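I opened the file to see how the chain is put together. These are my entries in the order I made them.

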Amino acid sequence: MQQDMREQTEASREKAAEKKRPLWLRYLPKVILGLGVLAVYFSWHDYHRKPSQKELDIALTRYMRGKYAIYGDTLTPKGEGSVMYLASDIFYSTSNTYELAFTSEKFPKKEEKEEIVLDYDYEKNTLHDNYMSFVLRNQAEEKFREIFDRIYEPGTYELVMKVEAAPWRKLNPTAVETISQHLEHIPLSDISICVVRNSEMIEGDMRELLRMLKIEQYGVDGIIYYMDEEEYRNRNLKGNWMDEDPYSYKKYIIFAWEKNKSDFSIYTLREEK
């Protein structure tokens, strides 16, 4: 009887200790398992045969689900993966990259062209994905609204962030990356804004935006549409306003600012009287 009680006490202590561990530590074995599976499947030069496409897709899916298990997302492959070809490739690929896209129930895309993508470089044996850009998108938008609320009157503009089309090759975010770390590491955030504002304010607005970007050190690649009240009110009549051809708007500015630079690297203004 005493032996049974001791065993039950030990089991209770182990469960309590497990609950106190950070989430990412609890799911670490799944990530390690996923990496182990990849190590087996992805030895392109040392293994006696290359994995089949099905095996490759299964391994990549296990990796993604293990790495991001703390979010409880489905991460369903969107069809089969494929080798990526560059524009200059004619007969064979020189990118050495195999890409698999996923759909997410918890972090859906806001634009048709957006994709959760995992890139596998089978020459360098490296993996890069853009999943955390989907996870942290809403928080990133709030950070940028804190800037634009000081430039525009709150409630007079709409801001949307687009996720990068392909993972940044020099970044490898973890599943527990914070929004501060994300904005510090990512080179450029792609934002689109439409605002009810007189276009005569553009020059002053952009000077203030540049000043604040230098303070916050947020790299940006963006477009801002200056609209009158009627255009702003009817902006979604033809579909999502940020999916429209920019030339369908009368006044807009395309800009980009790279971290630690003294001025905008891109600054193109179009204003139709």
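The entries below go from the overall counts to single residues.

I am working from a predicted model, where local features need pLDDT of at least 70 and side-chain atom pairs count only at pLDDT 80 or more, while totals for chains, interfaces and linings use all residues. Residues are numbered from 1 along each chain as its sequence is written, and side-chain values use heavy atoms, with hydrogens and water left out.

**Overall counts.** I looked up the secondary structure and found nine helices and 10 strands. Helices (H or I, at least four residues) and strands (E, at least two) are DSSP runs, numbered from the N terminus. I then checked burial: 40% of the 273 residues count as buried. Buried means under 20% relative accessible area, exposed means over 50%, and partly exposed lies in between (1.4 Å probe, protein chains only). The protein exposes about 16300 Å², and carbon and sulfur atoms supply 52% of that area. The areas come from the Shrake-Rupley method with a 1.4 Å probe; for residues, only the protein chains shown count as cover. For contacts (heavy atoms within 4.5 Å), I noted that 67% of those between residues at least 6 apart in sequence join residues at least 24 apart.

**Cores.** Which residues have the most contacts inside the largest nonpolar core? They are Phe144, Phe148 and Ile224, in a core of 51 residues. Helix α8 (residues 202–216) gives the most to this core, with six residues. A nonpolar core here is a set of buried Ala, Val, Leu, Ile, Met, Phe, Trp, Tyr and Cys residues joined through side-chain atoms within 4.5 Å. I listed the contacts of Ile224 beyond four places in sequence; among them are Phe148, Tyr152, Met206, Leu209 and Phe255. A second, separate core has 10 residues, including Val160, Tyr225, Met242 and Tyr252. In soluble globular proteins, nonpolar side chains tend to be buried together.

**Helix α6.** I compared the length of α6 (residues 137–148) with expectation: its 12 residues should span 16 Å at 1.5 Å a residue, and the end C-alpha atoms are 16 Å apart, which agrees. The expected span is 1.5 Å times one less than the number of residues. Its buried residues are Arg137, Ala140, Glu141, Phe144, Ile147 and Phe148. They cover an arc of only 105 degrees around the axis, which puts them on the same side of α6. The arc is taken from the directions from the helix axis to the C-beta atoms. The cover over these buried residues includes α5, β6, α7, β7, α8 and β8.

**Met212.** I picked Met212 in α8 and found it buried, at 4% relative accessibility. Beyond four places in sequence, Met212 is in contact with Ile147, Arg150 and Ile151. Met212 and Arg150 are 62 residues apart in sequence, and their C-alpha atoms are 9.4 Å apart.

**Strand β4.** Is β4 (residues 116–121) largely enclosed or left open? Six of its six residues are buried, so β4 is largely enclosed by the rest of the structure. Ile116, Leu118 and Tyr120 point one way, and Val117, Asp119 and Asp121 the other way. β4 runs antiparallel to β3 (residues 97–103), with six bridges, and to β5 (residues 126–129), with four bridges. Two strands pair if DSSP finds at least two bridges between them. Leu118 is the bridge partner of Leu100, and in β5 the partner of Leu118 is Asp129. β4 and β5 form a hairpin with four residues between them, and Asn125 in the turn has a positive phi of about 55 degrees.

**Strand β6.** Five of the six residues of β6 (residues 157–162) are buried, so β6 too is largely enclosed by the rest of the structure. β6 pairs with β7 (residues 189–196) in the antiparallel sense over six bridges. Lys162 stands opposite Asp190 in β7.

**Positive phi in loops.** Leu75 has phi near 45 degrees, a positive value in a residue other than glycine. Leu75 lies in the loop between α4 and β1, and counts as buried at 1% relative accessibility. Asn260 also is not a glycine, and has a positive phi of about 70 degrees. Asn260 lies in the loop between β9 and β10, and counts as exposed at 67% relative accessibility.

**His182.** His182 is buried, with a relative accessible area of 9%. Beyond four places in sequence, His182 is in contact with Met132, Ser133, Leu136 and Glu177.
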